[in-house]
Amino acid sequence: MARVPLQFTVNGREQAEFIEPGAMLVDVIRDKLGLTATKNGCSQGTCGACTVLVDGELRLSCLTPAQRVEGRLVETLEGLAASGEMHPLQRAFSEGFAVQCGFCTSGMILAAKWLLDRNPSPTRADVIDAISGNICRCTGYQSIVEAILSAAAEMRGEKAVS
Amino acid sequence: MPLSVVRPDSVKAAAVALAADGAAQFLGGGTLLVRAHNSGNLLIGALVLCDGLGLGGIRFAGGRAKIGAAATMAAILAEPRLSFLHPVAREIGGPAVRAMATVGGNLFARAPFGDIAVALLALGADVAVEDAKTSETVDLEPFLKDRRKPGRIVTGVSFALPPEDAFRFVKVTRKRPHGASVLAIAAMLPLEGGKVKGARVAYGAMAPTAIRAPVVEKVLEGNALDAAAIEKAVEVAGEGTEPSSDPYASAWYRSSVLPVHLARLLRGS
């Protein structure tokens, strides 16, 4: 089947690619654009490792045909540190030992960013709900929840940047 | 099978595309259909997108709510006039799933999924459907028995807004805060003069699709929700159910705990 054109914006940069019809967004992001922070864990929408933001809303890129994001704004983990400086969430994950194998980290951080973009002062329950679609098999989640709460405090200016 | 994506410019065009290709499917959020495609459980030749067809709206008129088929669980949660449905929508996956999963798609979910369908069945919802030639409104209950009619598109659901405190919902899961249903129960229990008038009780995960519990409804109808009526309803809780066994629960377990959760729902505890 002939390839089809796709134009969209990823992390602020316009992209134009020819893709296989029916290709999923996760495969285009990883294989065409080389942005490998986004992971394909289960292809079932269950693990959350493929989580990205499309027009600021959470999307499971393994369940999203890439043609569905034609003309839209996609944000992956790589976009958070585009200026070369880590986002407070990335710093909090790194410093708080919220990253072990790292496979879930991209999805976790984007789910957390989605939360903090809407709610700068989340409760622990808010954080747990925000990452409830993201599975981590290493940390036991506590360090991830603490990292998100810590980043939120830093972003509110309540915590010194180390 | 190679997969193509079709972006129709109208519901009619989508219906024509579906009628022309028996391997084409109308795509809502993708949380069920693309999942089935990815796992190889469903051979799909083409995905016909619902994007841009004006099916995502939620409107209110004449005491009724009209929810477009492409409205998501997140859209329900953002609508304060649907607050009685928030406990249902909140139980459906994490935020990413809720931002993608649609009301229309939920009507096609197989047990143990499809919680919104359970709620809509208790609410007495109608389903608006269109094919390449006709459009009609059908009652949700018969729709669920014949839902995979080829070439037919669900465009929305509508229902009368329930009286305050008349709608109740419980979902039992193994995993918190979200998981597939061990079972779900939705009930409309409007009270008139202290007695139930117009009881509707629906179950999820107690049959291949959402089902009503007509024997329970009959027991409750015209009675106060007191201990005696609840005891009688609980005795007939399992009538007409045919639960399956899956990784979440066995059929035996579902049947065993249904009366417990029905009693709690009716007691409001």
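In chain B, three strands make up an open sheet with parallel pairing, in the order E1-E3-E2; strands here are DSSP runs of E with at least two residues, helices are runs of H or I with at least four, and both are numbered from the N terminus. Strands E1 (4-6) and E2 (24-27) of chain B lie at the edges with a single partner strand each, so one side of each has no neighbour in the sheet. Two strands are taken to pair if DSSP finds at least two bridges between them. On average, neighbouring strands of this sheet are turned by 25° against each other, direction ignored. E2(B) is joined by 4 bridges to the parallel strand E3 (residues 46-49) of chain B, where B:Leu27 stands opposite B:Leu49. Helix H1 (residues 11-20) of chain B packs on this sheet and touches E1, E2 and E3 of chain B, its direction making about 150° with that of E2(B). Such angles run from 0 to 180 degrees between N-to-C directions, with axes fitted to C-alpha atoms and, for helices, over the stretch in contact.

The model is predicted: local features need pLDDT of at least 70 and side-chain atom pairs count only at pLDDT 80 or more, while totals for chains, interfaces and linings use all residues. Residues are numbered from 1 along each chain as its sequence is written, and chains are lettered from A and ligands numbered from 1 in the order in which they are written.

Chain B also holds a hairpin. Its strands E4 (residues 58-61) and E5 (residues 64-68) pair in the antiparallel sense over 4 bridges, and B:Phe60 stands opposite B:Ala65 in E5(B). Between the strands are 2 residues, and B:Gly62 in this hairpin takes a positive phi near 60°.

Further along chain B comes helix H11 (residues 251-267). Its 17 residues should span 24 Å at 1.5 Å a residue, and the end C-alpha atoms are 25 Å apart, which agrees; the expected span is 1.5 Å times one less than the number of residues. H11(B) bends by about 35° at B:Leu258, with B:Pro259 following within four residues; the bend is the angle between axes fitted to the seven residues ending at a position and the seven starting there. B:Arg254, B:Leu258, B:Leu262 and B:Leu266 are the buried residues of H11(B). An α-helix has 3.6 residues a turn, so residues three or four places apart point the same way. A residue is buried if 20 or more other C-beta atoms lie within 10 Å of its own, exposed if 12 or fewer, and partly exposed in between, with C-beta atoms placed from the backbone. The cover over these buried residues includes strand E10 (181-188) and helix H10 (227-235) of chain B. After H11(B) comes B:Gly268, with a positive phi near 75°.

Turning to the chain contacts, 22 residues of chain B meet 26 residues of chain A, where contact requires C-beta atoms, placed from the backbone, within 7 Å. The largest share of the chain B side, 5 residues, comes from H5(B).

In chain A, A:Asn134 lies in the loop between helices H4 (124-130) and H5 (142-155). A:Asn134 counts as buried because it has 27 C-beta neighbours inside 10 Å. Beyond four places in sequence, the contacts of A:Asn134 include A:Gly48, A:Cys104 and B:Gly94.

Methods:
Two residues are in contact if their C-beta atoms, placed from the backbone, lie within 7 Å.
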